[in-house]
Amino acid sequence: MKSKWLKNTSFSIPTKYHIWFWLGYFTFNVIRWGSYFDDYWYSLKSNLVEFPLHILLVYFHIYYLIPKFILTKKYKTYILLFITSLGFIYIIRTGLNFFLVTKNIWPEAENPQQAFTFNHIIAVTLGEVYVVALATAIKLIFDWIYERNRVEDLQKIQLKTELNFLKSQIQPHFFFNTLNNLYALTLEKSDIAPSVVLKLSDIMQYVLYDVREPKIRLFTAINYVQNYLDLERLRYGDKIISNTAIIGNIEDVIVPPLLFLPFIENCFKHGAKNNDNIEVNISFENVEDKWLIFKVENTFNQIIQLEETNPKHGIGIQNVKRRLELLFPHNFELKTEIIEQKYCVQLKLPINEN
């Protein structure tokens, strides 16, 4: 059905399904009324006359009246045109049946009936309305399924686009912080600057290439966390005291990329000023192969404002929170608190959830 009317609908059912529907409905009607009258020849002839009119009225209703008047809320015009079309169909159908099929225009009635009587008009009209309602309901169901799938696809595209944007946001944020550290070392003409560049190149491989995958192995993420700690250790030397614990089997655990580094960066933002030592404790725990619990604690200076209170410098953590909301809606826990001069983060994620 490739007419211009189809442009007004959201979904075009392939022609072969139209053909199968009408053939099936026609066959059913021939058998039904043939059995009722015990006259299959009469049933075949009458349905051959009536079905082209059914089809014409159904497509006129679905592809013209509904999009042009129902969807534009011109209900009065729709009712007027639909009733008028029923009148035309009644006149044509009654005339064709009378001249081509039988002089008894209403054989199922108990007594002989005349055409154009109230009862005959109502009977024929209700039969047409039944066919139109059935076909329209089927079309609307197809449209609803199509629209639901279209909305789901758009949501997936929007989700993927936003996630890609969030990941791209983290990359310049991360390099901005690291290059600032490297710049400070070069100003001091520090001998460790070349080592910082090498460590940075390793992390660049992760940030620029590995993040293209939707999920990575937890071992890979932990490895780059350690690289980042090594990078900071080159800068701060013995001031950094770090411990990383792995609890349970994490060999097969996969996680979204760039999920933990912003929290580790945060440790040095809060703990690297006015403190003799920077203590960072990190743990990854597999709980019954259902949950991954990531914990990080670092020394915290109360004088420095928390990242959440300073939007200008809050890209990293706020970005991670938004990604968690998109990736694990209502199925993750993120807690941050200050306990005894330590800034504590606990993140609980479902393991290997798609």
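**Salt bridges and their burial**

With a relative accessibility of 12%, Glu-50 counts as buried, because the cut-off for burial is a relative accessible area under 20%. The model is a predicted one, and with a limit of 4 Å between side-chain nitrogen and carboxyl oxygen the count of salt bridges comes to seven. Three of these pairs are described below, together with a network that includes Glu-50.

**A bridge between helices**
- The side chain of Glu-50 meets that of Arg-93 in a salt bridge, with an N to O distance of 3.4 Å.
- Because Glu-50 belongs to helix H2 (residues 40-70) and Arg-93 to helix H3 (residues 75-101), this pair ties together parts that are 43 residues apart in sequence.
- Arg-93 counts as buried, at 13% relative accessibility, and Glu-50, at 12%, is likewise buried.
- Glu-50 and Arg-93 are linked with Glu-128 in a network of salt bridges.

- Lys-139 and Asp-143 form a salt bridge through their side chains, at 2.8 Å from N to O.
- The two residues stand four apart in helix H4 (residues 118-187), so about one helical turn separates Asp-143 from Lys-139.
- Lys-139 is buried at 4% relative accessibility, and Asp-143 is buried with a relative accessible area of 13%.

- Arg-233 and Asp-230 are joined by a side-chain salt bridge of 2.9 Å, N to O, and both lie in helix H6 (residues 218-236), three residues or about one turn apart.
- Asp-230 is partly exposed, with a relative accessible area of 25%, while Arg-233 is also partly exposed, at 29%.

Note on methods: Residues numbered from 1 in each chain as written. Predicted model: local features only at pLDDT ≥ 70, side-chain atom pairs only at ≥ 80, totals over all residues. Heavy atoms only, no water. Buried < 20%, exposed > 50% of the residue type's maximum accessible area, 1.4 Å probe, protein only.
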